[in-house]
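Reader: Can you walk me through this one? Keep it short, please.

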Amino acid sequence: MALFRRLRNWVVRPKKTRRNGVISYSGSKHKLAYTPEFKAWVKHNPGALDAFHFIRKNLHHLKPFVALKDKKTGTTIEPLCTGEYKGNNALHRLSVVTKDREFFCKIKLNGKALTESDANRKVEAQRQAKPIIRELNKRGLNVALAPTHIIYETKIKDGDHEQTVTFVVSDFYHAHDVESVVGKLYHGNNILPENYIKTPANDQLSERVKQIRNMMLDYGVFDVHAHNMFLNKKTGQIIIFDINSA
Ligand SMILES: Nc1ncnc2c1ncn2[C@@H]1O[C@H](COP(=O)(O)OP(=O)(O)O)[C@@H](O)[C@H]1O
Ligand SMILES: [Mg+2]
């Protein structure tokens, strides 16, 4: 696991935490959190994490829908996402295609100081959400979670100052399989009562969204709303992504 080791070594005096299977490292410059399932996959795909370096190198050369290929590893990155974001708005939402798998990678750029728990909050939210999802399914709500595999946070030089860059990696969901729930429910993807597209199917869907959201909130899982949901076109399953814990 050379790259995991390399990523960890960059974490200056790293603090390692292991909570319910989620492994996280946290230092002054870099943070890392990942699930054991993803670690196992990387073991068989040792080049996969090099994608971070390729993305970082090309951050300022990204153009909507223009794929860039890493000659060394064969990995392709392309600004592309399913749903409401278009063109430049989607510049930091990438499809990452490795030898045998496609990922969705969200890049967040900001200047804010790293906090202790930034890197593992999302992976943690996912762990918290799992039993809630089971309970919701028992109640017939047909819901799943888009798995977050790894979060990696580091700093890049931008001229004279440093920027924090965070990579959040999950599976890629395609427009032929899923549609955006906010787009289905609201004109212009805008959650306002006057934009609601009233149909019997939408009434049922928004009732499900409400029930899922409320139960997640009760257990401290945030950001569960129509903007962060897909609907599987075939199965009608709601897929939640981009959730956070307190
Ligand atoms: N796994 C995915 N596969 C394809 N597209 C995605 C995936 N996850 C999110 N998207 C699309 O990218 C947009 C932004 O993703 P999200 O993780 O919600 O980031 P943010 O809300 O911070 O912009 C979503 O609204 C959705 O349309
Ligand atoms: Mg979101």
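**Strands first**

Author: Strand S5 is joined to strand S6 (residues 93-97) by 4 bridges, and the two run antiparallel. Helices (H or I, at least four residues) and strands (E, at least two) are DSSP runs, numbered from the N terminus. Two strands pair if DSSP finds at least two bridges between them. This is a predicted model: local features need pLDDT of at least 70, side-chain atom pairs count only at pLDDT 80 or more, and totals for chains, interfaces and linings use all residues. Residues are numbered from 1 along each chain as its sequence is written, and chains are lettered from A and ligands numbered from 1 in the order in which they are written.

Reader: Which residue in S6 is the bridge partner of Glu 78?

Author: Ser 95.

Reader: Why do they alternate?

Author: In a regular strand, side chains alternate between the two faces of the sheet.

Reader: What pairs with S5 in the antiparallel sense over 2 bridges?

Author: Strand S4 (residues 68-69). Lys 69 stands opposite Thr 76 there. The hairpin of S4 and S5 has 6 residues between the strands, and Gly 74 in it takes a positive phi near 85°.

Reader: New topic. What surrounds ligand 1?

Author: 18 residues do; the closest are Cys 81, Thr 82, Gly 83, Phe 104 and Asp 242. Strands S7 (102-110) and S10 (161-171) are the elements that give two or more residues to that shell. A residue is near a molecule or strand if its C-beta atom, placed from the backbone, lies within 6 Å of it.

Reader: How many of the shell residues are nonpolar, polar and charged?

Author: The shell has 7 nonpolar, 6 polar and 5 charged residues. Ala, Val, Leu, Ile, Met, Phe, Trp, Tyr, Cys and Pro count as nonpolar, Asp, Glu, Lys and Arg as charged, and the others, Gly among them, as polar.

Reader: How many bridges join S7 to S10?

Author: 8, and the strands run antiparallel. Leu 109 has Val 165 in S10 as its bridge partner. S10 also pairs with strand S9 (residues 148-158), antiparallel, over 10 bridges. That hairpin has 2 residues between its strands, and Gly 159 in the turn has a positive phi of about 65°.

Reader: Back to Asp 242. Where is its place?

Author: Asp 242 is in the loop between strand S14 (238-240) and strand S15 (244-245). Its phi is near 60°, a positive value in a residue other than glycine. Asp 242 counts as partly exposed because it has 17 C-beta neighbours inside 10 Å.

Reader: And helix H4: what span should its 18 residues have?

Author: H4 (residues 121-138) should span 26 Å at 1.5 Å a residue, and its end C-alpha atoms are 26 Å apart, which agrees. The expected span is 1.5 Å times one less than the number of residues.

Reader: Where is the kink in H4?

Author: At Ala 129, about 35°, shortly before the proline Pro 131. The bend is the angle between axes fitted to the seven residues ending there and the seven starting there. Ala 129 is among the buried residues of H4, as is Leu 136.

Notes: Buried ≥ 20, exposed ≤ 12 C-beta atoms within 10 Å, placed from the backbone.
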